[in-house]
Structures are given as C-alpha cells and as structure tokens.
Amino acid sequence: MKKRTVWGKWWYKFSRNPLSVVGLCMVCAIVFVALFAPWVAPYPEHAGPYVNYGEANQPPSLPHPFGTDAFGRDILSRVFFAFRSSLLMGMVVLAIVVPVGVTLGLVAGYFKESWLDILIMRITDIFLSVPPLILALAITSVLKPNLTNAMIAVSVMWWPWYTRLVYGMATSLRNEYFVQSAELLGASKFHILFREILPNCVSTILTKMTLDMGWVILIGAALSFVGLGEQPPKPALGTMVSDGARYLPEYWWMAVFPGLAIMLIVLGFNLLGDGIGDLFSLEEA
Amino acid sequence: MRRLGYSLFVLIGLSIVVFIIARLVPGDPARAALGPRATQEAVDALRARLHLDKPIYVQYAYWLKSVLQGDFGESLFTRRPVIEDIKEFLPATLELAFFAGLFMTFFGLLLGVISARYANTWVDNVVRVLSYLGIATPAFVVAIVLLLVFGMYYEIFPTIGRLTPGMSYPPRITGLLTLDSLFTGNLASFWDALKHLILPGISLSLGGLFQEARITRSSMLENAKKDYVGAARAYGIPERVVFSKYLFKPSVIPTVSILGLDFASLIGNAFLVELLFNWPGISRYGINVMLRKDVEAIVAVVMVLGIVFTVVNIVVDLLVAYLDPRIRLVAREE
C-alpha cells in the first residue's frame, strides 16, 4: 500500500465530500481575484473615482460581463476590488475577536464559579442579549462611517460567541485527568490554560473561524448596505447592492451581481467550514 | 422566576453598554440637533436641558430614572417623545417578525422532515442544495430579487408598505393590522395586510428557514439510528406513529433551541428589509435615527429590541423545557 503523508491523509478525508472541495475552490478563487485584483480585473481603474457617462447603465455584455453602473464603471472589476475589503474585514475582525474571546472563555471556564467566571460570563450574556447586527449598526452609526470603524463595531459584538464556545469546552476539559495531572505536577496556570486545555479546543475554534469568515463578511456587507461601511468611491459589495437597488427594475444587474457575489463568498466559507468540521470529527472518530 | 430575574439583570447591563456607546458619539448631539446656524447659547441651553453637561454616570442615572417612567427622551430627529415613535412603529415590526417567524418555523420543519423522510433521494438533495444557497444569501439580496420579480414582472404581491393606499385602516387595537382588521371583521383589509406581509416576510425568514431545515434533517437522521426507534418498530408500532411520535418529537428540540438565534438574525435583518419594502416599522425608524446620530432614539430602539429578543428567548426556553422532559426535571431539582 502506498504510504500517505499526513497532509495526504487529511486531503483524502476532506475530499470525500465533494461539497467541501467545491467550497475550497470557491474560497481559493475569491482570494485569488482579491489578491491580484489590479491584474485580474478587466478595468482596474474603475475601482476608484472614475466616471464615463458614455458607458453608463450598460447591460451585461462581453466587455462588461456584469454590466456597468450609473457612472459607467465596470461592475465585475468593482466586485473584484470589493472582495479585498470584505476579506480584509473578515480577517481583521477574526484576528481581534478570536484571541480575546478564546482567552476569556478559557479563563472563565477553568476558574469556574470564581468571581472571574461570573464577571466574564455575565458580560458575555449582556452582549449576547441583543441581536448582533443591531448592536453593530448602533456602534458604527455613532462613530464615523468607514471600514475601520465597521471592523471595530463588528469585533465588539463578535467576541462573546468565542467566549461562550470555549467556556463550554473548558469547563468540561478541566475535570479531565490530563489537566488534573498537570495541576499535580505544579504546572503554571498559564501552561494549563494554553498548553493543556487550548490545544483540545483548536479544531472546534478553527471550524467556527472558517464559518465566521462568511458571517463577518455578511455583516460587513449589511453595514455597507446602509452606508456605514467602506465609503464611496471605494467599492464595497453592500454599497453596490444598495446603490443598484435604486435603479431596480430597469438596471437589475447593478444590484443582482454584487448580491450574488456576497452569496458566493458566504457559501464558499460555509462549505469549507463544514468540510473542516467533518475532517476533525472524522479524525476523532 | 430565576430566569426572569436574570433577564432583568442582563437588560440593565445592556442599558449601561448602550448608554456608554451612545455617549461616545464624536460631536455634540445638541449642536447636531439645532443645526450649524444655532447660537452657542441655544446649544448650551439644550445641553443643560438634556443633562449633557454632567459626568456620564450622572447622565446614566437621569436617563435610567426617566426610562423607568416610560420616558426615553425626545427624538432629535422627529421632535417627538421617543416613546411615541416606538409605540407607533414597533407593532409593524412585531407583526412582520411574527409572520416571518411562523413562516420560518413551519416551512423549516416541513422541509427538514421531508428531507429526512426521503433521505438521499433527489428530493433530499434538492432541499440540501437549496439550504446551502438559502443560508448563504443575505436577506437584503433576497428582498431585492423579490422586489425585482414581483415589482416588475408578476404583480401578485404588493411590494410597498403595509396596506394599499385607499384601503381603510382598521381601528388600532393591537397595532397589528392583520389582527385588528380580523377583530373588526374587515376581511378586505385583512387580506390586503396579509398580502403585504408575504414578500418582506419571505425575505426575512429564508436564512433561518433553511438553517432549521438542515438541523431538523440531521437530528432526525441521528435519532433514526437510535435503539429505541428500532425497538418501537420491532414492537410493530405503525411506521406513521413511529415517525411522528418517536422520531419527530425529540428531533424538534435542537430546531426549537436554535429558534432564538434565528429570531435574532431575523430582527437584525429587518433593519435592511424594512428599508427596502418601505415597511413603517421600528427597524426602518432605527436606521433613520442611526444615520442621523439621534442618540436618544438609537438607545431606545436598541433597548426595546433587546427586550423583545429577551422575551423571545424566554419563550424559546419554555418551549424547549416543554418538549424535553429532562430539562424540566433538572429545573425542578434546582
């Protein structure tokens, strides 16, 4: 029998579900066009303040596969550039939220029933007591509308999910023998939290992160839809949908294609996340 | 009871958080309200009247005191007491949210059950593919597609507002147009209001609907493998009874527990969908006040929706406890 590398084994398990592979391909394609947007996009200059009324409101055609907007800008090119801010938002938000949320969850879970647990989890509950999009909208609305503040707002309301997730795992893991033996050996609290408990949560956290990339991007699109995200003339998917909606029945492509683009990103990360989740659950089985 | 006390605590915490956020506004709300041409004296007078010149915890105390008396302050945008605005706009959102919630739960369960019943056939596959697409499509994109299709090509369902202009409004009893018109026997208005609910309702519910279908499906397939189902079949209990009583009931529990979360995204999405369908609800009002930095109103909207969401979560918990005897037992032992 051919010997498989670790990666080969993982790939084999991952690729057993064709949907996961589809998701991976979608995510790779989106990341690719976002990274290389200036070279891949047919009209890179259209991503900025470019106006050409002669080409305005063109329906989809070969030179403009997604049509053009009211200023004569190529929608496909703008979608490619909008992927950049969407992905950036997803990555920045997760980079803030995951360390904060996970650490708080570990601490609260390990020191269960201490004042730390009570304090952290009560604050978490407060943030979870209002639908996330509403809180994010409220926060962005009082700040200056731009991409940075949108990222801050989404981060403020997103960390509690990780705290709660890790809290649940940490409370059950702290009673396991390997944690108890580490305690008996006199390991530091830091060691127990991050070297003993955390590695056992990584698979779940990673799965959630992949799924959340999609959801954060979705919330970001919702924020820019009401004008509280990336500001024009920079392209953002949500802004493009809401601008397009004003020209709705006649110039349908202006809203529909950016809308489809949002759907594709979210779908890609969902499929990929499910695939990664399956991978780890097979690993444990 | 403990659950209620706890919710109260969470809501007070929420009020502090929201209040702090609201006071972080760069720029002066009094100046914003009076416009750039107002005199400095007028601005200072308004600041003093709104207690904006005091430290933040004093402001919070003033604010909490008046909120408990049902006074959310005055909207700087509509120039009316915020509570009046909320009374006017909240019922429309509640009506829409309940309609969408019912639609979501019913069809989510239905699709999930069908999918599980015919697992791995083409029916199941269609539902699963639809689920992936449905979950990934943002509500405002669904809304736009529906607006496009029904506003332009098939004008079966109205796309704007709650009632066709010229229709008689039923007297306000609950504020929910469908119920009010039904109570007063005004069937024409009832149908009209119901028709207006359909498109925004569908846009709001699709994501949650497919989420629920997926969860119902997987928990039913999970439970189908369990021994007690096999035992029930072995006893010769008719398949229909096995399916509905032994399989369906326990499988609904995870679906119901996630209802709270789905309702959260539903209320959140209402902010965008109400805007698109010109639905005169609290979410559209919320967006308008947010875009105008109308602090008092923003705080009130977030608080009111927080209360609504808390109530929904309590109801969901009660439902789960009703469905799952184990949870009821644990609760009793406490």
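Predicted model: local features only at pLDDT ≥ 70, side-chain atom pairs only at ≥ 80, totals over all residues.
Residues are numbered from 1 along each chain as its sequence is written, and chains are lettered from A and ligands numbered from 1 in the order in which they are written.

The model scores ipTM 0.79 and pTM 0.84. Among the elements of chain B, the highest mean pLDDT, 88, belongs to helix H5 (residues 82-117), and the lowest, 65, to helix H14 (residues 325-333).

Chain A is built with eleven helices and zero strands; here helices (H or I, at least four residues) and strands (E, at least two) are DSSP runs, numbered from the N terminus. The C-alpha atoms of chain A fill a box of roughly 75 × 60 × 30 Å along the principal axes. Of its 285 residues, 48% are buried, that is, with 20 or more other C-beta atoms within 10 Å of their own, the C-beta atoms being placed from the backbone. Chain B has 14 helices and zero strands, and 41% of its 334 residues are buried.

Contacts (C-beta atoms, placed from the backbone, within 7 Å) can also be sorted by separation in sequence. In chain A, 69% of the contacts with a separation of 6 or more come from residues 24 or more positions apart. In chain B, 71% of contacts between residues at least 6 apart join residues at least 24 apart.

Where the two chains meet, the contact takes 36 residues from chain A and 43 residues from chain B. On the side of chain B that touches chain A, the helices that each supply at least two residues include H1 (2-23), H11 (239-276), H12 (282-291) and H13 (295-323) of chain B.

Two of these helices also pack together. The axes of H12(B) and H13(B), lines fitted to C-alpha atoms over the stretch in contact, with angles from 0 to 180 degrees between N-to-C directions, come within 9 Å and cross at roughly 145°. In this pairing, residues of H12(B) including Ile282(B), Tyr285(B) and Val289(B) meet residues of H13(B), among them Ala297(B) and Val301(B).

Note on methods: Buried ≥ 20, exposed ≤ 12 C-beta atoms within 10 Å, placed from the backbone. pLDDT = per-residue confidence, 0-100.
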